Amino acid sequence: LKDWFQVVQNAERFVQDPQIWPLVAQTIIHERLSPLAELTLQAPHLFDVLKQLQHYRQLIQPLEFGVARGHEGMLEIYFLPSCGAVATSSMLSVSMLLTIAQQRGLAIHQWQLKLPASLSPLPQWSRWFDTIREGAFVSVRIPQAQLFEPLPHEPDYYRQAQAFCRMQHREAKTPSALTHTLRWSYRCLQQQQQLSIHDLAAHMQLSVSSCKRMLAQHQSSFQQCVDTMRLFRMVELLQQQPYNNSQLAAQLGYSNSNNLRRACKRWLGENPARLREILA
């Protein structure tokens with residue numbers, strides 16, 4: 001994961017062109033640079049593609065799916081920012097999904113793409129989609145009728161790719177410090193427990209300085225991890241019921257609603273009220 005983020009950051013810094021992400025996605029898929037690429041190209045239907053991408057996402061990093069929900073006959077998938085890398089993780093992740101969909105001959109023009117105002121649609125996206133709207137973050141809506149339409153596939157190649165994915169997945173014997181921190185943060189938010197680097201260090205049986213160094217090796221920090229999970233949890237909560245700002249702040253561990261508004265503006269460029277409208 002550390003090496004992958006370094007490659008992505010170098011590409012972003014030196015190329016400085018969002019077109020790099022579709023090119024990276026196309027290279028990974030077309031050149032079969034991961035057994036997950038072969039698995040998605042042999043999956044029997046789109047639902048299985050999405051399931052495999054989510055389950056084995058560590059084999060193509062950073063592939064970040066967020067919350068998925070049904071809406072008016074569509075499945076909406078949010079690509080939530082990963083540890084502060086908003087444009088990088090979202091643009092690359094959606095490029096991966098679209099490259100696979102195009103390769104499988106799916107009717108992408110029936111899908112709907114939402115992008116924050118800060119991100120401009122790439123030329124090929126404008127050609128593929130009939131509908132591109134503004135949203136709080138990157139999301140894709142897929143007609144639910146497409147999810148189980150049979151796709152051409154070779155069962156033997158599919159089983160072989162599954163075996164390779166399982167094998168590589170097992171080789172990552174323990175979750176990375178980054179994954180461990182994200183999971184711990186999410187559980188604390190669900191249970192409305194305190195979030196601090198000292199509590200995390202105690203949970204991981206490390207010193208605070210060792211904990212910080214481990215996260216730094218993944219190009220991240222404790223605060224970035226907490227912010228990522230707070231954003232994820234906020235989207236979940238706002239889809240369950242329209243919490244007001246004070247209730248939402250309490251659920252996410254903020255001392256007051258002003259801190260929540262500032263954080264939401266920093267994450268998405270939108271305030272919580274606007275986010276409620278978008279999610280509604």
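Predicted model: local features only at pLDDT ≥ 70, side-chain atom pairs only at ≥ 80, totals over all residues.
Which residue of β5 does Met74 stand opposite? Met74 faces Pro143 in that strand.

Strands of a sheet pair through backbone hydrogen bonds, in either a parallel or an antiparallel sense.

Strand β2 spans residues 74-78 and is joined to β1 by four bridges, the two running antiparallel. With β5, which covers residues 139-143, β2 also pairs in the antiparallel sense, here over five bridges. Met74 can be followed in both directions: His71 stands opposite Met74, and Met74 stands opposite Pro143 in β5.

Strands β1 and β2 form a hairpin with two residues between them. In that turn, Glu72 has a positive phi of about 50°.

A positive phi also occurs in two loops between helices. Arg32 is not a glycine, yet its phi is positive, at about 55°. Arg32 sits in the loop between α2 (20-30) and α3 (35-41), and its relative accessibility of 38% makes it partly exposed. Gln205, likewise not a glycine, has a positive phi of about 60°. The loop that holds Gln205 lies between α9 (197-204) and α10 (208-216). With a relative accessibility of 72%, Gln205 counts as exposed.

The next topic is the packing of two helices. Helix α11 (residues 222-240) packs against helix α13 (residues 257-268) at an angle of about 100°, and their axes are 11 Å apart. At that angle α11 is roughly perpendicular to α13. On the α11 side the contact is made by Asp227, Arg230, Leu231 and Met234. On the α13 side, Leu260, Cys264, Arg266, Trp267 and Leu268 take part. The residues of this contact comprise six nonpolar, three charged and no polar ones.

Helix α13 also contains Asn258. This residue is partly exposed, at 37% relative accessibility. The C-alpha atom of Asn258 is 8.9 Å from that of Ser246, a residue 12 positions away along the chain.

That leaves the cysteines. How many disulfides does the model have? The count is zero. A disulfide is a covalent bond between the sulfur atoms of two cysteines. For Cys211, the closest cysteine sulfur is that of Cys225, and the 9.1 Å between the two sulfurs is too far for a bond; the cut-off for a disulfide is 2.5 Å. Both residues of this pair are buried: Cys211 has a relative accessibility of 1%, and Cys225 has a relative accessible area of 0%.

Conventions:
Residues numbered from 1 in each chain as written. Heavy atoms only, no water. Pairing = 2+ DSSP bridges. Buried < 20%, exposed > 50% of the residue type's maximum accessible area, 1.4 Å probe, protein only. Axes fitted to C-alpha atoms, helices over the stretch in contact; angles between N-to-C directions. Parallel < 35°, antiparallel > 145°, perpendicular 65-115°, else oblique. Contact = heavy atoms within 4.5 Å. Nonpolar A, V, L, I, M, F, W, Y, C, P; charged D, E, K, R; others polar.
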